[in-house]
Amino acid sequence: MPAVLLFAITHVVINAGDKPWGGGGKSHGGILVHTDWLTMGSGVEYVEEVMLHEAGHAAWDRSHRNSPGWLAAQAADSVFISRYARDFPDREDVAESILPYFAVRYQSDRLTAAERATILRTIPNRLKYFDEQGFDMSPYEPSEVQEPPEEIVTIQGKVIGPDSQPLEGY
């Protein structure tokens, strides 16, 4: 986990049960883990992704989700990286944007050209916002490939706007 997230976590609470994980909340800096949630049909396959998301809540929500810079980036992008971010922009957009940011900026070799293009073309202003914060992402180094691929990439699907309607031109 990048230092900026790791050092913001003050505690982790691990409980038995099939309830969702959580981060931040009333106990800012904390992550809540339920041990059975990942194995009992949550649809989540990777603990690392969930931890990064919840660490984002714990570390960044309070200082970024309502900041003028973040809100301007949201407005400029005009779409969201996930349905969850779209449906709950005030509480989930920052955490949902962290994993794609980390993947494209620090692990881009693990992405396909289409995945990289989707992230870079969908949330460019959010990526720039994160870049401008000067976060300590150690021990990770920036990836060499951070731009959309030159080759033509076909991405199938619809981009849904804040009103849950498909956006034209995407």
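**View 1. Arg-126, a buried residue of helix H7.** Arg-126 is buried, with a relative accessible area of 0%. The model shown here is predicted. Arg-126 lies in helix H7. Setting aside neighbours within four places in sequence, Arg-126 is in contact with Trp-70, Ala-73, Gln-74, Asp-77, Val-79, Phe-80, Asp-93 and Ser-97. Two of these names, Asp-77 and Asp-93, return in the next views.

**View 2. The salt bridge between Asp-77 and Arg-126.** The two side chains meet at 2.9 Å, N to O. Asp-77 lies in helix H3 (residues 68–77) and Arg-126 in helix H7, so the pair ties together parts that are 49 residues apart in sequence. Asp-77 is buried too, with a relative accessible area of 4%.

**View 3. The salt bridge between Arg-126 and Asp-93.** Here the side chains meet at 2.8 Å, N to O. Arg-126 belongs to helix H7 and Asp-93 to helix H5, so this pair ties together parts that are 33 residues apart in sequence. Both residues are buried. Their side chains are also joined by a polar contact of 2.8 Å. Together, Asp-77, Asp-93 and Arg-126 are linked in a network of salt bridges. The count for the model comes to six salt bridges.

View 4. Asp-87 forms a salt bridge with Arg-86, with the closest N and O atoms 2.8 Å apart. Asp-87 is partly exposed, at a relative accessible area of 42%. Arg-86, at 14% relative accessibility, counts as buried. Another arginine, Arg-91, lies over the face of Phe-88, at 4.0 Å from the ring centre.

**View 5. A stacked pair, Phe-102 and Tyr-106.** The model has eleven aromatic pairs. In this one, the ring centres are 6.0 Å apart and the planes are at 20°, so the pair is stacked. Phe-102 and Tyr-106 are four residues apart in helix H5 (residues 89–106), separated by about one helical turn. Phe-102 is buried, with a relative accessible area of 10%. Tyr-106 also counts as buried, at 13% relative accessibility.

**View 6. Pro-139 and Pro-2.** Pro-139 sits in the segment after helix H7 (124–132). At 66% relative accessibility, Pro-139 counts as exposed. Pro-139 and Pro-2 are 137 residues apart in sequence. In space they are 6.4 Å apart, C-alpha to C-alpha.

Terms used. Residues numbered from 1 in each chain as written. Predicted model: local features only at pLDDT ≥ 70, side-chain atom pairs only at ≥ 80, totals over all residues. Heavy atoms only, no water. Phe/Tyr/Trp six-rings, centres within 6.5 Å; stacked < 30°, edge-to-face > 60°. Helix = DSSP H or I, 4+ residues; strand = E, 2+ residues; numbered from the N terminus. Buried < 20%, exposed > 50% of the residue type's maximum accessible area, 1.4 Å probe, protein only. Lys NZ or Arg CZ within 6 Å of the ring centre and 35° of its normal. Polar contact = N/O pair within 3.5 Å; in protein donor to acceptor, adjacent residues only side chain to side chain. Contact = heavy atoms within 4.5 Å. Salt bridge = Lys/Arg side-chain N within 4 Å of Asp/Glu carboxyl O.
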